[in-house]
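Here's a quick briefing on pockets and aromatic contacts. Have the structure open while you read.

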Amino acid sequence: MINMQHIEFFHKDHFAYRYHRKKPAKSLAQFIDFFWETDFDSLWSLYPEGFSDALFPNIGYTYLINLGTPFVMQLEEETFDVKGDGFLPRHKNMICHHSTGNKIFGIKFKVSPIVFEKKVNFHDYREYIFPLSYLIDRNIINKIKGTGSFEKRVEIISTYYDGIIEKYSGSLRYVDIVTRILDDYVSKNDFNVSINALSKKYKISTRTLQRYFEMATSISSKQALQILRIRKAVEHLTSSPDDFHFTTYGYYDYSHFYKHLKDFINGHTISIIQPHLLLLKNMLKSG
């Protein structure tokens, strides 16, 4: 039985120090959030039966490149035995069950540049873990697996995507619109912007904007922006509760924020989540 569970936002040291993480160069920042790689070698003696890492919903999706032994990925209530490389939708609650020998390299996307080269509608990929075979050049995966360092793997994949973006950038209007909206929403903290206002800004209908988001990110524009907002709020609350206030994130009162927080936290399937929700509630009261 796997006993130890690390939970995003709460076990900050684990996610900060047991995962290598690197932001992309500016040329890729509209498309990629970060590159990451597990660093678990020192943990196996502490957890010989393994451990699990639980993450809350996010936007976009992750490419998983397996550098070690098989692992088990859980999306909501459904589990997948992952032996090879996979596509992971990130709008669901997830738990990765790790055991000795696991080593994973990942790319956390907002929008994958593969849409420039192939006709991919990521809405079709939103429910399950899929093989990566259609979504990335197999030769690039082999190069990533053949090199010995995280830094070199980041360099290989960055060069690959830089080449695609340089060749095709600007050729797909829906990609430009979605990546601009996501970038502005996060950088400007414009949490009160409405879907109607965004549609008018880009001179498209709300239905078209939703279709653009589903094609590029796998989820609707409303769901994507709500996830971004609550994640930023929870990160702030757990990192610096003394200066947190829900109005910073566009919530009009405490009950509005707490309802969204409770839905976000309680949606997870992990059994020990209730004490963490209580902890956040106490942080809100003391902040």
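Rings of Phe, Tyr and Trp (its six-membered ring) pair if their centres lie within 6.5 Å. Keep in mind that this is a predicted model. It holds 32 aromatic pairs, and one aromatic cluster is formed by Tyr61, Tyr63, Phe87, Phe109, Phe122, Tyr125, Tyr128, Phe130, Tyr160 and Tyr161.

**A stacked pair**
- Tyr254 and Tyr258 have ring centres 5.8 Å apart and planes at 5°, so the pair counts as stacked, given that stacking takes planes under 30 degrees apart.
- Both sit in helix 8 (residues 254-266), and because they are four residues apart, about one helical turn separates them.
- Tyr254 is partly exposed, at 30% relative accessible area, while Tyr258 is buried, at 14%.

**Charges over rings**
- Lys118 lies over the face of Tyr134, 4.3 Å from the ring centre.
- Arg229 puts its charged end over the ring of Tyr251, 4.0 Å from the centre.

**Largest pocket**
- By class, the lining splits into 20 nonpolar, 13 charged and six polar residues.

**Second largest pocket**
- The volume here is about 200 Å³.
- Among the lining residues are Tyr185, Phe191, Lys222, Arg229 and Gly250.
- Helix 7 (residues 221-239) supplies the largest share, five residues.
- The lining has five nonpolar, five polar and two charged residues.

Notes: Residues are numbered from 1 along each chain as its sequence is written. This is a predicted model: local features need pLDDT of at least 70, side-chain atom pairs count only at pLDDT 80 or more; totals for chains, interfaces and linings use all residues. Side-chain values use heavy atoms; hydrogens and water are left out. Ala, Val, Leu, Ile, Met, Phe, Trp, Tyr, Cys and Pro count as nonpolar, Asp, Glu, Lys and Arg as charged, and the others, Gly among them, as polar. On a 1 Å grid over the protein atoms alone, a cavity is a set of points where a 1.4 Å probe fits but cannot get out, and a pocket is an open set with protein on both sides within 12 Å along at least five of seven lines; lining residues have an atom within 4 Å of a point. Grid points are joined across faces, edges and corners, and a volume is the space filled by probe spheres set on the points. Helices (H or I, at least four residues) and strands (E, at least two) are DSSP runs, numbered from the N terminus. Rings of Phe, Tyr and Trp (its six-membered ring) pair if their centres lie within 6.5 Å; planes under 30 degrees apart count as stacked, over 60 as edge-to-face and the rest as tilted. Buried means under 20% relative accessible area, exposed over 50%, partly exposed in between (1.4 Å probe, protein chains only). A charge sits over a ring if NZ of Lys or CZ of Arg is within 6 Å of the ring centre and within 35 degrees of the ring normal.
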